[in-house]
Amino acid sequence: MTTAYIEDIAKHEGQQVRLRGWLHNRRSSGKIHFLTVRDGSGFIQCVMSKQAVGEEMFKRADHLTQESAIIVEGTARADSRAPGGYEVDVTSLEIVSEAKDYPITPKEHGVDYLMDRRHLWIRSQRQQAILRVRHEVINGVRDFFNGRGFILADTPIFTPAACEGTTTLFPVQYFEDATAYLTQSGQLYNEANAMALGRVYSFGPTFRAEKSKTRRHLTEFWMVEPEMAYATLDDVMQLAEDLVVYVVGRALEHRKRELQALERDTSKLEKVQAPFPRISYDEAAEILRKKGLPFEWGGDFGAPDETALSEEFDRPICVHRYPSAVKAFYMKPDPDRPEVALGVDVLAPEGYGEIIGGGERLADYDLLLQRIKEHNLPQEAFEWYLDLRRYGTVAHGGFGMGIERVVSWICGLEHLREAIPYPRMLYRLYP
RNA sequence: UCCUCAGUAGCUCAAUGGCAGAGCAUCCGGCUGUUAACCGGAGGGUUGUAGGUUCGAGUCCUACCUGAGGAGCCA
């Protein structure tokens, strides 16, 4: 008897197989049971007739509860009526352990109820599909950078101070006397790593203590941040475009089934091809003005602005050259127009907003020092960062891409919280 | 922090100021092709908390608690 995974069932057509999993749902018709079994690799309907298994074994399945652990044996059979194309005709059923009163029933539940039971919710078909797409996105990101000569150089999670003075940090007690902060970006360290290794990326969790209460925010999220020495804004935009095209392509290629289960309109994703429109902040402001939105030059785009902009295009867009005043201190000003910075945001279509933010960094020692002072940042904390400008400074740049926002967009989710196994939000620390 | 909305059976929701209801889940019974199966029956309630108005409050008023959506901020 071969032990098989449901995802491989097609290879076992006509054979006797053993499936080890859990009962997802049961429908019964007197002398025939339909058991939907899941084993982590997929879902499949197992058909059990009284005639085939006998009175005693059939009766055992009468009261089999949702999520009970079971091992079924039977013959794999192609069936046009089955959603996955295959069914198993059961010859034997073993109950490994019974589940009592599983709280997530096959009917509707509210988000709060499900979030309190996130550890069980991830057993559902939909949540599994999302987490598989997430896995593909992460794998795609790693393959993309590894295949292009980038070195993974991780940046610290405990940091001594803010990278950018503006956002809120989570403080943690660091032994007796010191306070450390959870990282909100690996970027400054990435710059040092790029000067050592040329092309680098970091990939890890990031923490923001912003009291944001929207469907686009988590307090803990995963971010990939590439950084390149001898790179300009155009190189950064090119890299961002290549990455997004590659990752979306990977999801379409390897996770078609999951996207289908999520009822994602994949024709929209198929349009994600190079080149992405590159529009300046000025042009974006003009588009918003023409659409009648109350937008004034100098401010950052709000969520409705980003949605309005992305509506104009069928693929992600690169918006570049933002006013320096709204951007971080380490952004390089445009030599031709110092009031704008050489930064770029990539906005996803369909109203999903910013998935990437980055740009060319300030490489000049004097100007960087001036900016640190203007932002009232403690110079001594940035001495190591200034060293990068003292010893062989070169043009360089990179960006950060939020994994959950990309997963959310690719899956077509309503809310970021489903794009990570255990979301951390303003009012959510359990489970 | 601000604005808006919501809280009723285990879950999802209904109930004009006038008897507390339905579907699902659970339990009992029926059904050999079901796809959130279906059909019949049963059990299941301190209407978020505290006060107030009223002959009478799930419903109106006040405060608080909890959650959701949005703003700001950002990936």
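**Close-up views of aromatic and RNA contacts**

**View 1. Arginine over aromatic rings.** In this predicted model, R389 lies over the face of Y385, 4.3 Å from the ring centre, a charge counting as over a ring if NZ of Lys or CZ of Arg is within 6 Å of the ring centre and within 35 degrees of the ring normal. Y385 also belongs to one aromatic cluster with Y189, F329, Y330, F382 and W384. Elsewhere, the charged end of R199 sits over the ring of F150, at 5.9 Å from its centre.

**View 2. The aromatic pair of F158 and Y174.** F158 and Y174 form an edge-to-face aromatic pair, with 5.2 Å centre to centre and 70° between the planes; rings of Phe, Tyr and Trp (its six-membered ring) pair if their centres lie within 6.5 Å, and planes under 30 degrees apart count as stacked, over 60 as edge-to-face and the rest as tilted.

View 3. A backbone N or O atom of I355 lies 3.4 Å from a sugar or linking oxygen of RNA strand B.

**Notes.** Residues are numbered from 1 along each chain as its sequence is written, and chains are lettered from A and ligands numbered from 1 in the order in which they are written. Local features of this predicted model need pLDDT of at least 70, side-chain atom pairs count only at pLDDT 80 or more, and totals for chains, interfaces and linings use all residues, while side-chain values use heavy atoms, leaving out hydrogens and water.

Conventions:
A polar contact is a pair of N or O atoms within 3.5 Å; within protein, one must be able to donate a hydrogen and the other to accept it, and residues adjacent in sequence count only if both atoms are side-chain atoms.
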